[in-house]
Amino acid sequence: MKRSVAASLIGLAALYAAAVAAEEVTSLRGHAVTDDADDALNKPTLAVPGGFGVAWEEQPPMIPHPIDNYSIDLRQNGCLKCHSPATFETAKAPKYTDTHRVDRDGNQLDGLAPRRYFCTQCHASQAGAMPLVENVFGER
Ligand code: HEC
Ligand code: HEC
């Protein structure tokens, strides 16, 4: 009994998968998503002289310089070469603020909090890509 229920469930799943595959799904660029879509565009990040304004208080500021040569992984964080308390003066870069040293329980740590380690999780760089859809954020 159990076996046949499982078998018919698998059958149903296969039918459903076939129905989904037959449907035409396209990306915003108009490619079929299922087969020969282009590889992800890998454009170099840009310098934006003067930087960006922030759209709301406490927005992580956007990155106004290229970051292609700075990696963030288990062993190293390229951003800290210029933005850490130990390096910012020599680099003439803004230091990450005290909020970057607060752990999830609200304790102020001596160094960077682990949850702030992956800088690009919050700080976005710019690439010379055309917007796929109009951005009307803040205009409503
Ligand atoms: C070689 C030094 C250097 C490195 C490495 C570096 N930055 Fe910067 N960063 C700067 C300087 C200098 C500025 C000030 C604006 C400018 O001159 O472009 C800046 C500005 C910024 C700002 C804007 C701050 C604000 O208040 O508007 C952010 C965010 C930022 N960097 C994030 C990063 C992240 C994330 C990384 C790593 C992926 C990184 N930076 C790596 C030097 C550096
Ligand atoms: C969880 C999100 C998050 C992560 C991860 C994060 N930041 Fe930030 N960052 C913010 C926010 C929000 C602000 C603006 C408000 C503030 O200072 O707390 C900010 C502000 C900054 C500024 C501007 C300082 C100034 O004086 O204007 C710099 C520089 C910066 N971050 C660098 C970094 C670097 C370098 C890393 C990685 C080591 C990093 N941030 C990781 C959210 C983040």
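The model is a predicted one, in which local features need pLDDT of at least 70 and side-chain atom pairs count only at pLDDT 80 or more, whereas totals for chains, interfaces and linings use all residues. Residues are numbered from 1 along each chain as its sequence is written, chains are lettered from A and ligands numbered from 1 in the order in which they are written, and side-chain values use heavy atoms, with hydrogens and water left out.

Around ligand 2 there are 22 residues, of which Thr97, His100, Cys119, Cys122 and His123 come nearest; a residue is taken as near if one of its heavy atoms lies within 4 Å of the molecule. Thr97 places a polar side-chain atom 2.5 Å from an oxygen atom of ligand 2, and His100 places a polar side-chain atom 2.8 Å from a nitrogen atom of ligand 2. For six octahedral donors the ideal angles are 90 or 180 degrees. His100 has a relative accessible area of 13% and is therefore buried, given that buried means under 20%, exposed over 50% and partly exposed in between, with a 1.4 Å probe and protein chains only.

The iron atom of ligand 1 has NE2 of His65 and NE2 of His83 as its protein donors, lying 2.0 Å from it. His65 belongs to the loop between helix H1 (2-22) and helix H2 (80-83), while His83 belongs to H2 itself, so that the pair, 18 residues apart, links distant parts of the chain. Here the six donor atoms around the iron of ligand 1 subtend angles of 87 to 179 degrees, which again makes the arrangement octahedral. Relative accessibility is 28% for His65, which is thus partly exposed, and 24% for His83, which also counts as partly exposed. Ligand 1 has 16 residues around it, and His65, Tyr70, Cys79, Cys82 and His83 come nearest. A nitrogen atom of ligand 1 is 2.8 Å from an N or O atom in the side chain of His65, and a polar side-chain atom of His83 lies 2.8 Å from a nitrogen atom of ligand 1.

Ligand 1 sits in the largest pocket, and ligand 2 is likewise placed in the largest pocket. A pocket is an open set of points, on a 1 Å grid over the protein atoms alone, where a 1.4 Å probe fits, with protein on both sides within 12 Å along at least five of seven lines, and a molecule sits in it if more than half of its atoms lie within 2 Å of its grid points.

Of its 140 residues, 12% are buried. Thr45 lies in the loop between H1 and H2 and, at 13% relative accessibility, counts as buried; its side chain reaches the backbone nitrogen of Ile67 at 2.8 Å. Lys43, in the loop between H1 and H2, is partly exposed at 37% relative accessibility, and its C-alpha atom is 9.4 Å from that of Gln126, 83 residues apart along the chain.

Two backbone angles also deserve attention. Most residues other than glycine have a negative phi. Glu58, although not a glycine, has a positive phi of about 70 degrees; it lies in the loop between H1 and H2 and is exposed, with a relative accessible area of 74%. Lys92 has a positive phi near 55 degrees, lies in the segment after H3 and counts as exposed at 77% relative accessibility.

Methods
A polar contact is a pair of N or O atoms within 3.5 Å; within protein, one must be able to donate a hydrogen and the other to accept it, and residues adjacent in sequence count only if both atoms are side-chain atoms. On a 1 Å grid over the protein atoms alone, a cavity is a set of points where a 1.4 Å probe fits but cannot get out, and a pocket is an open set with protein on both sides within 12 Å along at least five of seven lines; lining residues have an atom within 4 Å of a point. Donors are N, O and S atoms within 2.8 Å of the metal (3.2 Å for Na, K and Ca); water is not among the atoms, so sites may look incomplete. Four donors count as tetrahedral if all angles lie between 85 and 135 degrees; four count as square planar and six as octahedral if opposite donors are over 155 degrees apart and all others between 65 and 115; anything else is irregular. Helices (H or I, at least four residues) and strands (E, at least two) are DSSP runs, numbered from the N terminus.
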